[in-house]
Structure formats: structure tokens, C-alpha cells
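The points may be read in order, with the model at hand.

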Amino acid sequence: MTGTTIEATALTKRYGHVTAVRDLTFSVRPGAVTGFLGPNGAGKTTTLRMILGLVTPTAGTVTIGGRPYRALDRPTSVVGAAFTPGAFHPGHTARRHLGVYAAMGGYPARRVGDLLDLLELTGAADRRIGTYSTGMRQRLALATALLGDPSVLLLDEPGNGLDPAGAAWLRALLRRLADEGRTVLVSSHVLGEVRQIADDVLVLHRGRLVAAGPWAELAGPLAVVVGTPDAPALARLLTAHALTVTPDGPHHLRVRGADAARIADLAAADGVRVHELRTEPADLERLFLDLTAEEAA
Amino acid sequence: MTRALVTAELRRLAATRLWWVGLLVAVGFGGGLTGALALTGPEHFTPPMPGLHTATGVRLVLGMLGFTAFVPAALGTLAMTTEYRYRTVDVTFLFVPARGRVVVAKLVAYTVAGLAYGATLAVTAGLGLYGGAAARGVPLGLSASVVAGLLARIGVAMAVYTVLGVAVGALLRNQILALAVVVGYLYAGETLLMIIPGVNTLYPVLPGGALSALTGFHYVADAVAQQVPTGGIRLLPPTTGALLLLGYAAVAATVAVLAPLRRDVR
Ligand SMILES: Nc1ncnc2c1ncn2[C@@H]1O[C@H](COP(=O)(O)OP(=O)(O)OP(=O)(O)O)[C@@H](O)[C@H]1O
Ligand SMILES: [Mg+2]
């Protein structure tokens, strides 16, 4: 599978006075799962809809393999997309729903059976979608997105409402699709979900991109949590040494930019008491909260 | 590719129980209503009308079918509004970013469905008419070929009304609103307009008037004429009425095809 890259340049969307997305420039590479993170209202869905030509940007451009979505010859054979909650006529069965869109995309009828099998929906394929559980709907939305065997997959909050087994199943599927060389962009506001799967992350806050890159790089340097009765003094000292310090309760500081040994040495040299010193495992959740908190301040 | 779209839309239509409802309604209004009217006999209507042994009586009974045109129009509005209601319009526009083509495909598919509805209505109405008359032993006041012609025109008119409904739905997007507008206008609105002096002289060129011209149903025109001091409201000739009706459908369809192109899909 040849890789297809998504490129956004200075993408902006305004709704009246609300700027949903502001001057967004990023690229999403093939062969990886990219997590698209941000709190509620950050502009994730709006961005995905602009990539897909459903919403027209106020300014900027976004291309898939060099072309805007609406200029693609057979768009669903290049890009598959699923929003949450999925969009279905409740009176259709899964088989008929997929049959309609297979006909629309000009895909052979056997794709329908194949996808029902792949997404483990065959047993329920002839039931009305109105009777489906959340997890079944998510899988049917994915099946619809995969009809054209696309090289790019855009999923908006696909993990919403999935139980742990369903979430693990989804991660395995996304991993496999990325390993096949596809470009997989997955939005979420739940960090835990993304950190288990994403190779890269884009972090959005209030419509702006606040971080982008391989998540291993973003999450390290590791944070060191320091317990001290002299928090203000230690904060001043460490900041003076160009470390990033965020208060974490009255007697704790979260420090980035140095390991525990260097922090302990700095404190000892200045005679500041340290009661606790603990290196946090790479924690995207924390990073995410830090990033979005700084931006809010 | 466009054929694939029409196929997809026909499949979508067949995928719900809606087509069953359409079929039942067509049989109910066609065979049921016409059969009941024929069995009753226009001479027993209030006020009494010429019986089935007269040409007027037969035209009257068949023309009643025109009042059921709101049904295919209402079914037509569902073509696009259902997509907005369940948000499947997102998926549809992802498959076909040229949004006008989606509306064109629906117009074609619903024309086919409208013709099927019209054919069912017309055939069962014919059965109801002849069955009812035969049951009462009344010879019909119109020849079989004229009756067949009238029924064919009514059938076609149903398809045109379906298309009008599709167009209105595509423009309004909201299901309840589109249903209210179409049913409200066809069922009550146009009749209410007739009460307004001046406006009622327009009746022949309104969709209802054009439909009456096509089906040769003079009852409403005659009723309106009695209120117009200058006398006489004349329906258009049937062919002109048919063309006018098609013109309404064409204009509505064109606007409907062009309208969704620019708007964001929410
Ligand atoms: N059609 C619209 N009209 C007006 N404002 C809108 C519209 N769509 C989105 N917005 C606003 O744009 C901002 C971003 O919304 P968006 O849905 O893209 O966020 P999100 O990151 O997907 O959030 P969530 O995690 O809650 O799904 C919000 O402030 C939202 O209210
Ligand atoms: Mg969203």
C-alpha cells in the first residue's frame, strides 16, 4: 500500500464570533496511528470535517495525497471516515446499509459480506440497526468507512462507549491497518485510550495546535515530582535553572527538564528541604493537562 | 457512476418498510377510495352529484384521487430529509462530494417510485371503479379508453408530485417542516388561498389547478368560479396543465440540486 499523507496549512474555521479552528498547520504520516487530542470543544470534529470537505474552511487548505477531498476521483477508495455516534437509518439492517453504500461507491457486493465478517457483525447483519448496541454501531461505522479499502482512515472518537474488550479489539484493528501502511488519524479526548495506540499525537486546544510529534518524544522528558515543605523557594530555584515547574498541590512540584538526581543536588546545594522525589512514568495525561492548562492561563 | 447512484438510492428506498406503506396507501386510496365512492354513487354525495352513468359523475369520482396527491408528495420529502434527520447525509456526501448529483439520483429514483405508486393507484382505482359500478349494475358514462387515459394522467401526476416533494425536502432539510409545508399546502393551503379575492383567479396556474387540469377535475374550479364576480375560472387545457406541473417540478428540482452545494453539513 502506497502511503498517503494529510497536509493542513493555516486551516481556520470561524462560526460567527466563535473561532473553532485557528491557523492549524500539521501533517499526518502514513504507516502510523496519529492521535488527535483535545478537550471538548477544541475543534477536533471541525478539523476532521474540513479534511473531508463537509465543512468549508474560512481560510487555509487541507489535502490528502496532494488533493483536496472533493477533488479525489473516488474519494471513499482513498479516505474512509467514521463519526461518533455513527449515522444510520435505524430501519435498515447492517447488510442493507452497507449494500446501499457499496452500490454508491461502485464496490462489489462481496465487500459487504467481507466487512461484516471483519467487524464481527455477521450474526447481527440482518437485524434492524435501531436495535444495535453502541459497540455494534461503532463497528458498523468502521465497516462503512472501510468499504473502499481506503489508504487513509479518519475516525472521530471511535472509542466512545466501548467496553475494555471492545477498546482492545479496536486498538488491534487500528494497529493492523497502520502496519499495512495506512494513514490512521483518530480523535479522542480520552488520553488513556490514545496513549496505548498512537505513534504520533496532535494536541489541539481552543482551536490551536499546542503540540505535535511522535508521542514518545512529547511525553519524555519525564516529569519528576518533588515533595517539599518549601515549595515556593524550590520553585524559584529550579525555574532559575531553566527547568519547567508546575505546582501540584501545596507541597509538591512537577518538574521537567532534569532527572531526580540533578534536582536533589540543586536542592541540597541551596539547602532546600526535599521530602519526596519520584520520577513519573511518561504520562501523556499529565502532559495534556499541562499543555492545555498553560494555554488557558 | 450516476447509474450506480440511482441504484444505490433505489436500494435505500427498498431497505425500509416505507415502500410497503406506499404500496398500501396506493391500494387504499386507489382501489379502496374509488371503490367506496363508486359503490356509494355520486348521486348520494352531499350535495348530490351526477351519477356514474354520466361522464361528469365518472370524472368526479376519479378526480377525487387528485386530493390524495399530498401522499406521494409527502413520501417524496423523505428522500433528503431522512438523510438529514439521521445524519446519513454526512456519509452520503463523503461517497459523493458533488452534492447536486446526490439530489439528481434521488430525483430519478423517486420518479421511478412515484410512477410505481401512480401505476398502483391507477390500476386499483380502475378496478374499484368498474367493480363498484358493476356491483350496482350502473353502466359507466365514459368509455373505457377515456377512463384509462384519465387514470394514466392521474398516475403520472402522482410521480410529478413525488418529485415536487423531493425538491421541497431537499430545500428545507427539516423533515417535520417539509412534511408540514407540503401536506399543509396541498391539503389545506391551496384551498384556503381560494378564499382570498384576486388570488383565487390564479387557481388554474397553481399546482393544484394544474393537477385538476391534467385530471380533468373541475369541481374546485367551479366552486371558486361561483365566488368570482367576473365569473368563470377556466382550467388550463390538460396538456398545458401537465406541462405546467412538470415545469413546477423542474424548477423545484433545479433549485434543489443547486441549493446544497455551498452549505456546510452540520
Ligand atoms: N456548526 C457550528 N456552528 C457554530 N459553532 C460550531 C459549529 N460547529 C462547531 N462549533 C464550535 O466550534 C468549536 C469546536 O467544536 P468541535 O465540535 O470541533 O470540537 P471537538 O474538539 O470535536 O469537541 P468534542 O470533544 O466535544 O467533540 C466549539 O466551540 C463548537 O461550539
Ligand atoms: Mg467532536
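1. In this note, contact means that heavy atoms lie within 4.5 Å. The model is predicted, so that local features need pLDDT of at least 70 and side-chain atom pairs count only at pLDDT 80 or more, while totals for chains, interfaces and linings use all residues. Residues are numbered from 1 along each chain as its sequence is written, chains are lettered from A and ligands numbered from 1 in the order in which they are written, and side-chain values use heavy atoms, with hydrogens and water left out.

2. Leu154(A) is in contact with Ile6(A), Leu48(A), Ile51(A), Leu52(A), Val79(A), Gly80(A), Ala81(A), Ala82(A) and Leu185(A), when neighbours within four places in sequence are set aside. A nonpolar core is a set of buried Ala, Val, Leu, Ile, Met, Phe, Trp, Tyr and Cys residues joined through side-chain atoms within 4.5 Å. Buried means under 20% relative accessible area, exposed over 50%, and partly exposed in between (1.4 Å probe, protein chains only). The largest such core has 136 residues, and Leu154(A) and Leu174(A) touch the most other members. Helix α7 (residues 144-172) of chain B gives this core its largest share, 13 residues. A second, separate core holds 16 residues, among them Leu234(A) and Val255(A). In soluble globular proteins, nonpolar side chains tend to be buried together.

3. Helices (H or I, at least four residues) and strands (E, at least two) are DSSP runs, numbered from the N terminus; two strands pair if DSSP finds at least two bridges between them. In strand β8 (residues 200-205) of chain A, six of six residues are buried. One side carries Asp200(A), Leu202(A) and Leu204(A), and the other Val201(A), Val203(A) and His205(A). β8(A) pairs with strand β3 (residues 32-37) of chain A in the parallel sense over four bridges, where Leu202(A) is the bridge partner of Phe36(A). With strand β9 (residues 208-214) of chain A, the pairing of β8(A) is antiparallel over six bridges, and Asp200(A) stands opposite Pro214(A).

4. Which residue takes a positive phi in the hairpin of β8(A) and β9(A)? Arg206(A) does so, near 50°, in a hairpin with two residues between the strands. Arg206(A) counts as exposed because its relative accessible area is 54%. Asp23(A), in strand β2 (residues 18-28) of chain A, also has a positive phi of about 50° although it is not a glycine. Asp23(A) is exposed, at 52%.

5. Thr63(A) lies in strand β4 (residues 59-64) of chain A. Thr63(A) counts as buried because its relative accessibility is 19%.

6. A cis peptide bond, with omega about -5°, joins Thr84(A) and Pro85(A); Pro85(A) is in the loop between β5 and α2 (94-105) of chain A. In chain B, the peptide bond from Thr46(B) to Pro47(B) is cis, with omega near -10°.

7. A pocket is an open set of points on a 1 Å grid over the protein atoms alone, where a 1.4 Å probe fits, with protein on both sides within 12 Å along at least five of seven lines; lining residues have an atom within 4 Å of a point. The second largest pocket is lined by 28 residues, and Phe83(A), Pro85(A), Gly86(A), Ala87(A) and Asp90(B) lie nearest its centre. Elements that give two or more residues to this lining include β5 (79-82) of chain A and α5 (88-95) of chain B.
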